[in-house]
Amino acid sequence: MIYLDYNATTPVHPAVLEALLPFYRENFGNPSSVHWAGRMVKGAIEEAREKVAALVGCDPVEVVFTSCGSEADNMALKGVAAALRGKGNHIVTTGVEHPAVLNACHYLENNGFEITRLPVDRHGMIDLAELEAAIGERTILVSAMFANNETGVLFPVREIGAIAAGRGVYFHCDAVQAVAKVPVDCREMHINLLALSGHKFGAPKGVGALIVRKGVKLQPLIHGGSQERNRRAGTENVAGIVALGKACELALVEMAEEAARLSALRNRLETGIRALLPDVRLNGHPDRRLPNTANLSFPLLEADSLLLNLDLLGIAVSSGSACSSGTLKASAVLSAMGVEPALARGSVRFSLGRGSTAGDVEYVLEVLPGIVERLRKSSEK
Ligand code: PLP
(Lines give C-alpha, C1' and ligand atoms only; values in the text may rest on other atoms or scores of the structure.)
Protein backbone atom coordinates (compact mmCIF):
# COMPACT_ATOMS: atom_id res chain seq x y z
CA MET A 1 0.00 0.00 0.00
CA ILE A 2 1.32 3.42 -0.93
CA TYR A 3 -0.06 6.42 0.93
CA LEU A 4 0.42 9.75 -0.83
CA ASP A 5 -2.33 11.72 0.88
CA TYR A 6 -0.53 13.19 3.91
CA ASN A 7 -2.31 16.55 3.52
CA ALA A 8 -5.58 14.73 4.30
CA THR A 9 -4.18 13.11 7.42
CA THR A 10 -1.11 11.31 8.74
CA PRO A 11 -0.55 8.12 10.73
CA VAL A 12 0.26 8.65 14.40
CA HIS A 13 4.04 8.81 14.86
CA PRO A 14 5.25 5.77 16.87
CA ALA A 15 6.96 8.01 19.47
CA VAL A 16 3.76 10.05 19.78
CA LEU A 17 1.73 6.90 20.38
CA GLU A 18 4.20 5.84 23.11
CA ALA A 19 3.88 9.24 24.76
CA LEU A 20 0.08 9.30 24.76
CA LEU A 21 -0.75 5.75 25.88
CA PRO A 22 -0.11 6.28 29.62
CA PHE A 23 -2.79 8.97 29.53
CA TYR A 24 -5.35 6.35 28.54
CA ARG A 25 -4.11 4.04 31.33
CA GLU A 26 -2.65 5.11 34.67
CA ASN A 27 -2.65 8.89 34.08
CA PHE A 28 -6.40 9.16 33.82
CA GLY A 29 -7.09 12.14 36.09
CA ASN A 30 -9.11 15.23 35.31
CA PRO A 31 -6.65 18.15 35.10
CA SER A 32 -9.10 20.36 37.01
CA SER A 33 -8.95 18.04 40.06
CA VAL A 34 -6.74 19.28 42.87
CA HIS A 35 -5.70 15.81 44.07
CA TRP A 36 -2.71 13.74 42.87
CA ALA A 37 -4.55 12.26 39.90
CA GLY A 38 -5.40 15.71 38.58
CA ARG A 39 -1.97 17.15 39.29
CA MET A 40 -0.29 14.35 37.35
CA VAL A 41 -2.02 15.26 34.12
CA LYS A 42 -2.09 19.02 34.63
CA GLY A 43 1.70 19.09 34.46
CA ALA A 44 1.64 17.09 31.23
CA ILE A 45 -0.73 19.59 29.61
CA GLU A 46 1.50 22.50 30.57
CA GLU A 47 4.53 20.69 29.16
CA ALA A 48 2.67 20.13 25.89
CA ARG A 49 1.73 23.81 25.80
CA GLU A 50 5.43 24.72 26.00
CA LYS A 51 6.28 22.36 23.14
CA VAL A 52 3.57 23.77 20.87
CA ALA A 53 4.68 27.32 21.69
CA ALA A 54 8.31 26.48 20.91
CA LEU A 55 7.39 25.20 17.44
CA VAL A 56 5.25 28.17 16.37
CA GLY A 57 7.04 31.08 18.08
CA CYS A 58 4.66 32.21 20.81
CA ASP A 59 4.41 32.09 24.61
CA PRO A 60 2.92 28.97 26.24
CA VAL A 61 0.06 31.01 27.77
CA GLU A 62 -0.99 31.95 24.24
CA VAL A 63 -1.76 28.32 23.29
CA VAL A 64 -5.45 27.33 23.52
CA PHE A 65 -6.08 23.63 22.88
CA THR A 66 -9.05 22.78 20.67
CA SER A 67 -10.56 19.64 19.15
CA CYS A 68 -9.28 20.27 15.61
CA GLY A 69 -8.16 22.84 13.09
CA SER A 70 -11.72 23.64 12.06
CA GLU A 71 -12.62 24.54 15.64
CA ALA A 72 -9.53 26.75 15.92
CA ASP A 73 -10.46 28.59 12.70
CA ASN A 74 -14.08 29.04 13.81
CA MET A 75 -12.97 30.24 17.23
CA ALA A 76 -10.68 32.84 15.66
CA LEU A 77 -13.19 34.22 13.16
CA LYS A 78 -16.38 34.09 15.22
CA GLY A 79 -14.55 34.96 18.44
CA VAL A 80 -12.99 38.13 17.01
CA ALA A 81 -16.22 39.04 15.19
CA ALA A 82 -18.18 38.83 18.46
CA ALA A 83 -15.55 40.67 20.49
CA LEU A 84 -15.00 43.52 18.02
CA ARG A 85 -18.50 43.93 16.64
CA GLY A 86 -18.67 47.43 18.15
CA LYS A 87 -15.48 48.45 16.34
CA GLY A 88 -16.30 47.16 12.86
CA ASN A 89 -17.98 44.50 10.78
CA HIS A 90 -15.55 43.98 7.90
CA ILE A 91 -13.27 40.97 7.41
CA VAL A 92 -10.73 40.50 4.62
CA THR A 93 -9.95 36.95 3.53
CA THR A 94 -8.91 35.16 0.33
CA GLY A 95 -10.76 33.19 -2.32
CA VAL A 96 -8.81 29.97 -1.69
CA GLU A 97 -9.29 29.31 2.03
CA HIS A 98 -10.21 25.94 3.50
CA PRO A 99 -13.96 25.41 4.10
CA ALA A 100 -13.33 25.92 7.85
CA VAL A 101 -12.58 29.59 7.12
CA LEU A 102 -14.73 29.91 4.01
CA ASN A 103 -17.90 28.69 5.69
CA ALA A 104 -17.26 30.51 8.97
CA CYS A 105 -17.08 33.66 6.81
CA HIS A 106 -20.36 32.70 5.08
CA TYR A 107 -21.93 32.34 8.51
CA LEU A 108 -20.68 35.76 9.57
CA GLU A 109 -21.87 37.26 6.28
CA ASN A 110 -25.36 35.96 7.05
CA ASN A 111 -25.08 37.63 10.43
CA GLY A 112 -24.32 41.17 9.39
CA PHE A 113 -20.61 41.05 8.57
CA GLU A 114 -19.10 42.15 5.30
CA ILE A 115 -16.49 39.86 3.78
CA THR A 116 -13.94 40.81 1.13
CA ARG A 117 -12.42 37.80 -0.61
CA LEU A 118 -9.13 38.64 -2.30
CA PRO A 119 -8.62 37.00 -5.69
CA VAL A 120 -5.51 34.97 -6.52
CA ASP A 121 -3.45 34.87 -9.72
CA ARG A 122 -2.74 31.75 -11.79
CA HIS A 123 -0.03 30.74 -9.31
CA GLY A 124 -2.47 30.95 -6.43
CA MET A 125 -0.93 34.16 -5.03
CA ILE A 126 -2.73 37.19 -3.64
CA ASP A 127 -1.66 40.72 -4.52
CA LEU A 128 -0.41 42.58 -1.43
CA ALA A 129 -1.45 45.95 -2.89
CA GLU A 130 -5.01 44.59 -3.15
CA LEU A 131 -4.85 43.51 0.48
CA GLU A 132 -3.66 46.95 1.53
CA ALA A 133 -6.46 48.59 -0.47
CA ALA A 134 -9.14 46.25 0.94
CA ILE A 135 -8.48 47.22 4.57
CA GLY A 136 -10.76 50.04 5.63
CA GLU A 137 -12.00 51.82 8.73
CA ARG A 138 -14.47 49.06 9.62
CA THR A 139 -11.99 46.19 9.07
CA ILE A 140 -11.37 44.14 12.20
CA LEU A 141 -9.58 41.07 10.84
CA VAL A 142 -7.49 39.72 7.98
CA SER A 143 -7.71 35.93 7.61
CA ALA A 144 -5.29 34.27 5.21
CA MET A 145 -3.90 30.76 5.17
CA PHE A 146 -0.21 29.92 5.49
CA ALA A 147 -0.17 27.05 2.99
CA ASN A 148 -2.94 25.93 0.68
CA ASN A 149 -4.16 22.40 1.35
CA GLU A 150 -4.75 21.58 -2.33
CA THR A 151 -1.77 23.17 -4.07
CA GLY A 152 0.69 23.70 -1.21
CA VAL A 153 1.10 27.34 -2.27
CA LEU A 154 2.66 29.45 0.50
CA PHE A 155 1.20 32.91 1.00
CA PRO A 156 3.62 35.75 1.87
CA VAL A 157 2.57 35.50 5.52
CA ARG A 158 5.23 37.79 6.96
CA GLU A 159 4.22 40.57 4.56
CA ILE A 160 0.50 40.02 5.20
CA GLY A 161 1.18 40.22 8.93
CA ALA A 162 3.18 43.43 8.55
CA ILE A 163 0.39 45.05 6.52
CA ALA A 164 -2.30 44.05 9.04
CA ALA A 165 -0.16 45.20 11.97
CA GLY A 166 0.55 48.51 10.24
CA ARG A 167 -3.18 49.13 9.92
CA GLY A 168 -4.00 48.02 13.47
CA VAL A 169 -6.01 45.00 12.29
CA TYR A 170 -5.75 41.46 13.69
CA PHE A 171 -4.21 38.78 11.45
CA HIS A 172 -5.57 35.24 11.69
CA CYS A 173 -3.55 32.62 9.87
CA ASP A 174 -4.84 29.12 9.14
CA ALA A 175 -1.52 27.29 9.39
CA VAL A 176 -3.01 23.78 9.54
CA GLN A 177 -1.03 22.63 6.48
CA ALA A 178 2.14 24.55 7.30
CA VAL A 179 2.95 23.67 10.90
CA ALA A 180 5.70 21.02 11.09
CA LYS A 181 6.34 21.30 7.33
CA VAL A 182 7.86 24.79 7.11
CA PRO A 183 9.06 27.26 9.78
CA VAL A 184 6.19 29.15 11.42
CA ASP A 185 6.83 32.01 13.85
CA CYS A 186 3.91 34.00 15.22
CA ARG A 187 6.14 36.70 16.73
CA GLU A 188 8.28 37.34 13.65
CA MET A 189 5.35 37.08 11.24
CA HIS A 190 3.01 39.40 13.19
CA ILE A 191 0.38 36.68 13.53
CA ASN A 192 -2.26 37.42 16.18
CA LEU A 193 -4.23 34.18 15.82
CA LEU A 194 -2.91 30.93 14.36
CA ALA A 195 -4.77 27.65 13.82
CA LEU A 196 -3.05 24.24 13.78
CA SER A 197 -4.21 20.63 13.80
CA GLY A 198 -2.49 17.58 15.29
CA HIS A 199 -3.57 14.92 12.80
CA LYS A 200 -1.75 16.68 9.97
CA PHE A 201 1.64 15.97 11.53
CA GLY A 202 1.76 12.76 13.48
CA ALA A 203 -0.65 13.36 16.37
CA PRO A 204 -4.07 11.68 16.42
CA LYS A 205 -7.33 13.16 15.19
CA GLY A 206 -9.29 15.16 17.74
CA VAL A 207 -6.74 17.72 18.87
CA GLY A 208 -5.62 21.10 17.58
CA ALA A 209 -4.81 24.53 18.90
CA LEU A 210 -5.50 28.18 18.37
CA ILE A 211 -2.68 30.53 19.26
CA VAL A 212 -4.19 33.68 20.72
CA ARG A 213 -1.50 36.30 21.19
CA LYS A 214 -1.56 38.41 24.32
CA GLY A 215 -3.95 41.34 24.17
CA VAL A 216 -6.16 39.86 21.43
CA LYS A 217 -9.84 40.32 22.20
CA LEU A 218 -11.74 37.11 21.60
CA GLN A 219 -15.09 35.72 22.76
CA PRO A 220 -15.16 31.98 23.48
CA LEU A 221 -17.03 29.61 21.18
CA ILE A 222 -17.72 27.04 23.90
CA HIS A 223 -19.01 28.27 27.26
CA GLY A 224 -18.74 26.27 30.47
CA GLY A 225 -15.90 25.69 32.92
CA SER A 226 -12.78 27.80 33.24
CA GLN A 227 -10.44 25.50 31.29
CA GLU A 228 -7.87 27.08 28.96
CA ARG A 229 -8.03 30.35 30.92
CA ASN A 230 -11.73 30.73 30.18
CA ARG A 231 -11.12 30.67 26.44
CA ARG A 232 -12.35 27.13 25.69
CA ALA A 233 -14.54 25.25 28.16
CA GLY A 234 -14.60 21.46 28.45
CA THR A 235 -12.48 18.81 30.13
CA GLU A 236 -9.25 18.65 28.18
CA ASN A 237 -8.40 15.85 25.73
CA VAL A 238 -5.33 15.08 27.82
CA ALA A 239 -3.93 12.21 25.73
CA GLY A 240 -4.48 14.20 22.53
CA ILE A 241 -2.81 17.28 23.99
CA VAL A 242 0.19 15.26 25.19
CA ALA A 243 0.39 13.74 21.69
CA LEU A 244 0.25 17.16 20.04
CA GLY A 245 3.07 18.36 22.28
CA LYS A 246 5.19 15.34 21.40
CA ALA A 247 4.54 15.79 17.66
CA CYS A 248 5.63 19.44 17.95
CA GLU A 249 8.76 18.45 19.84
CA LEU A 250 9.67 15.95 17.11
CA ALA A 251 8.92 18.43 14.33
CA LEU A 252 11.24 21.01 15.84
CA VAL A 253 14.11 18.52 15.55
CA GLU A 254 13.21 16.75 12.30
CA MET A 255 11.52 19.40 10.16
CA ALA A 256 14.46 20.81 8.19
CA GLU A 257 15.88 17.44 7.21
CA GLU A 258 12.48 15.95 6.46
CA ALA A 259 11.50 18.94 4.31
CA ALA A 260 14.66 18.53 2.22
CA ARG A 261 14.05 14.78 1.83
CA LEU A 262 10.40 15.26 0.86
CA SER A 263 11.01 18.07 -1.58
CA ALA A 264 13.59 15.91 -3.40
CA LEU A 265 11.06 13.05 -3.61
CA ARG A 266 8.24 15.40 -4.65
CA ASN A 267 10.41 16.96 -7.35
CA ARG A 268 11.35 13.54 -8.68
CA LEU A 269 7.66 12.63 -8.80
CA GLU A 270 6.72 15.86 -10.57
CA THR A 271 9.51 15.87 -13.13
CA GLY A 272 9.09 12.12 -13.66
CA ILE A 273 5.37 12.44 -14.40
CA ARG A 274 5.88 15.41 -16.69
CA ALA A 275 8.65 13.64 -18.59
CA LEU A 276 6.39 10.62 -19.15
CA LEU A 277 3.23 12.66 -19.79
CA PRO A 278 4.33 16.03 -21.22
CA ASP A 279 0.81 17.50 -21.30
CA VAL A 280 0.44 17.26 -17.50
CA ARG A 281 0.26 20.69 -15.87
CA LEU A 282 1.46 21.83 -12.48
CA ASN A 283 -1.06 23.80 -10.43
CA GLY A 284 0.40 26.30 -7.99
CA HIS A 285 3.49 28.40 -7.63
CA PRO A 286 6.64 26.74 -9.03
CA ASP A 287 8.76 27.61 -5.94
CA ARG A 288 6.64 29.08 -3.19
CA ARG A 289 5.13 25.76 -2.19
CA LEU A 290 5.12 23.24 0.64
CA PRO A 291 7.94 20.72 0.16
CA ASN A 292 5.58 17.74 0.15
CA THR A 293 2.75 18.72 -2.21
CA ALA A 294 2.25 18.32 -5.96
CA ASN A 295 -1.04 19.22 -7.60
CA LEU A 296 -1.14 18.11 -11.23
CA SER A 297 -3.78 18.41 -13.95
CA PHE A 298 -4.15 15.52 -16.38
CA PRO A 299 -5.85 16.84 -19.54
CA LEU A 300 -8.72 14.74 -20.97
CA LEU A 301 -9.16 12.87 -17.69
CA GLU A 302 -11.55 12.90 -14.75
CA ALA A 303 -9.50 12.86 -11.55
CA ASP A 304 -11.95 10.51 -9.88
CA SER A 305 -11.30 7.76 -12.49
CA LEU A 306 -7.58 8.20 -12.02
CA LEU A 307 -8.00 8.07 -8.25
CA LEU A 308 -10.01 4.88 -8.45
CA ASN A 309 -7.51 3.17 -10.73
CA LEU A 310 -4.56 4.17 -8.56
CA ASP A 311 -6.50 2.93 -5.54
CA LEU A 312 -6.95 -0.47 -7.22
CA LEU A 313 -3.15 -0.70 -7.22
CA GLY A 314 -2.97 0.35 -3.58
CA ILE A 315 -1.96 3.97 -4.22
CA ALA A 316 -3.86 6.57 -2.18
CA VAL A 317 -3.98 10.12 -3.58
CA SER A 318 -6.69 12.74 -3.60
CA SER A 319 -8.56 15.02 -5.96
CA GLY A 320 -8.93 18.51 -4.55
CA SER A 321 -9.47 18.62 -0.80
CA ALA A 322 -10.64 15.56 1.08
CA CYS A 323 -13.81 17.39 2.12
CA SER A 324 -14.93 17.89 -1.46
CA SER A 325 -13.78 14.64 -3.04
CA GLY A 326 -16.59 12.37 -4.11
CA THR A 327 -18.27 15.29 -5.87
CA LEU A 328 -17.65 15.92 -9.54
CA LYS A 329 -17.42 19.68 -9.13
CA ALA A 330 -14.15 21.30 -10.11
CA SER A 331 -12.08 22.41 -7.13
CA ALA A 332 -12.97 25.92 -5.99
CA VAL A 333 -9.28 26.60 -5.30
CA LEU A 334 -8.23 25.71 -8.85
CA SER A 335 -11.20 27.62 -10.31
CA ALA A 336 -10.13 30.69 -8.32
CA MET A 337 -6.67 30.32 -9.91
CA GLY A 338 -8.24 30.42 -13.35
CA VAL A 339 -7.66 26.75 -14.18
CA GLU A 340 -10.22 25.81 -16.86
CA PRO A 341 -13.01 23.57 -15.46
CA ALA A 342 -12.06 20.57 -17.64
CA LEU A 343 -8.44 20.72 -16.46
CA ALA A 344 -9.48 21.34 -12.85
CA ARG A 345 -11.66 18.22 -12.95
CA GLY A 346 -8.59 16.26 -14.02
CA SER A 347 -6.41 17.42 -11.15
CA VAL A 348 -4.83 15.16 -8.56
CA ARG A 349 -3.02 16.03 -5.35
CA PHE A 350 -0.02 13.95 -4.33
CA SER A 351 1.09 14.78 -0.79
CA LEU A 352 4.08 13.04 0.72
CA GLY A 353 5.06 12.49 4.33
CA ARG A 354 7.14 10.66 6.86
CA GLY A 355 6.52 7.17 5.43
CA SER A 356 7.09 8.15 1.79
CA THR A 357 10.04 6.52 0.04
CA ALA A 358 11.84 6.69 -3.31
CA GLY A 359 10.32 3.26 -4.01
CA ASP A 360 6.80 4.73 -3.67
CA VAL A 361 7.60 7.43 -6.19
CA GLU A 362 9.17 5.01 -8.67
CA TYR A 363 6.16 2.71 -8.44
CA VAL A 364 3.79 5.58 -9.23
CA LEU A 365 5.95 6.55 -12.19
CA GLU A 366 5.89 2.94 -13.37
CA VAL A 367 2.11 2.46 -13.33
CA LEU A 368 0.73 5.95 -13.97
CA PRO A 369 1.35 6.31 -17.75
CA GLY A 370 -0.41 2.99 -18.46
CA ILE A 371 -3.47 3.99 -16.41
CA VAL A 372 -3.66 7.41 -18.05
CA GLU A 373 -3.38 5.92 -21.54
CA ARG A 374 -6.06 3.31 -20.81
CA LEU A 375 -8.48 5.87 -19.34
CA ARG A 376 -7.97 8.28 -22.23
CA LYS A 377 -8.59 5.49 -24.75
CA SER A 378 -11.76 4.37 -23.00
CA SER A 379 -13.10 7.93 -22.80
CA GLU A 380 -12.51 8.35 -26.57
CA LYS A 381 -14.85 5.44 -27.28
N1 PLP B 1 -7.39 24.32 7.35
C2 PLP B 1 -6.69 23.69 6.40
C3 PLP B 1 -5.81 24.47 5.49
C4 PLP B 1 -6.80 22.29 6.27
O5 PLP B 1 -6.12 21.66 5.31
C6 PLP B 1 -7.66 21.59 7.15
C7 PLP B 1 -7.86 20.13 6.98
O8 PLP B 1 -7.79 19.60 5.91
C9 PLP B 1 -8.35 22.31 8.14
C10 PLP B 1 -8.20 23.67 8.20
C11 PLP B 1 -9.25 21.62 9.10
O12 PLP B 1 -8.52 20.89 10.04
P13 PLP B 1 -9.23 19.70 10.87
O14 PLP B 1 -9.31 18.53 9.95
O15 PLP B 1 -8.30 19.46 12.03
O16 PLP B 1 -10.54 20.21 11.31
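The model is predicted, so local features need pLDDT of at least 70 and side-chain atom pairs count only at pLDDT 80 or more, while totals for chains, interfaces and linings use all residues. Residues are numbered from 1 along each chain as its sequence is written, and side-chain values use heavy atoms, with hydrogens and water left out.

**Stop 1: cysteines**

Select cysteine 105 and cysteine 173. The structure holds 0 disulfides, a disulfide being a pair of cysteine sulfur atoms within 2.5 Å. For cysteine 105 the nearest cysteine sulfur is that of cysteine 173, 14 Å away. Cysteine 105 is buried, at a relative accessible area of 1%. Here buried means under 20% relative accessible area, exposed means over 50%, and partly exposed is in between (1.4 Å probe, protein chains only).

**Stop 2: a surface patch**

Select Phe28, Trp36 and Met40. These residues make a nonpolar surface patch of about 380 Å². Patches are made of residues with over 30% relative accessible area and no salt bridge; like charges are joined within 9 Å, and nonpolar side chains (Val, Leu, Ile, Met, Phe, Trp, Tyr) within 5 Å. Accessible areas come from the Shrake-Rupley method with a 1.4 Å probe, and for residues only the protein chains shown count as cover.

Phenylalanine 28 is in the loop between α1 (14-20) and α2 (36-56). Helices (H or I, at least four residues) and strands (E, at least two) are DSSP runs, numbered from the N terminus. Is phenylalanine 28 buried or exposed? Phenylalanine 28 is exposed, with a relative accessible area of 57%.

**Stop 3: salt bridges**

Side chains of opposite charge can pair when their charged atoms come close. A salt bridge is a side-chain nitrogen of Lys or Arg within 4 Å of a carboxyl oxygen of Asp or Glu, and the structure holds 22 of them.

- Select glutamate 71 and arginine 232: their closest N and O atoms are 2.7 Å apart in a salt bridge. This pair links distant parts of the chain, with glutamate 71 in helix α3 (residues 69-83) and arginine 232 in the loop between α7 (227-230) and α8 (238-276), 161 residues apart. Glutamate 71 is buried at 9%, and arginine 232 is buried at 16%.
- Select arginine 268 and glutamate 362: this salt bridge has its closest N and O atoms 2.8 Å apart. It joins helix α8 to helix α12 (residues 358-380), across 94 residues. Arginine 268 is partly exposed at 37%, and glutamate 362 is partly exposed at 35%.
- Select glutamate 373 and lysine 377: the closest N and O atoms of this salt bridge are 3.2 Å apart. Both residues lie in helix α12, 4 residues apart, about one turn of the helix.
- Select Lys42, Glu46, Arg49 and Glu228: a network of salt bridges links them.

**Stop 4: rings**

Select tyrosine 3 and tyrosine 6. Rings of Phe, Tyr and Trp (its six-membered ring) pair if their centres lie within 6.5 Å; planes under 30 degrees apart count as stacked, over 60 as edge-to-face and the rest as tilted. The count comes to 1 aromatic pair. Tyrosine 3 and tyrosine 6 form an edge-to-face pair, 5.0 Å centre to centre with 70° between the planes. Tyrosine 3 is partly exposed at 30%, whereas tyrosine 6 is buried at 8%.
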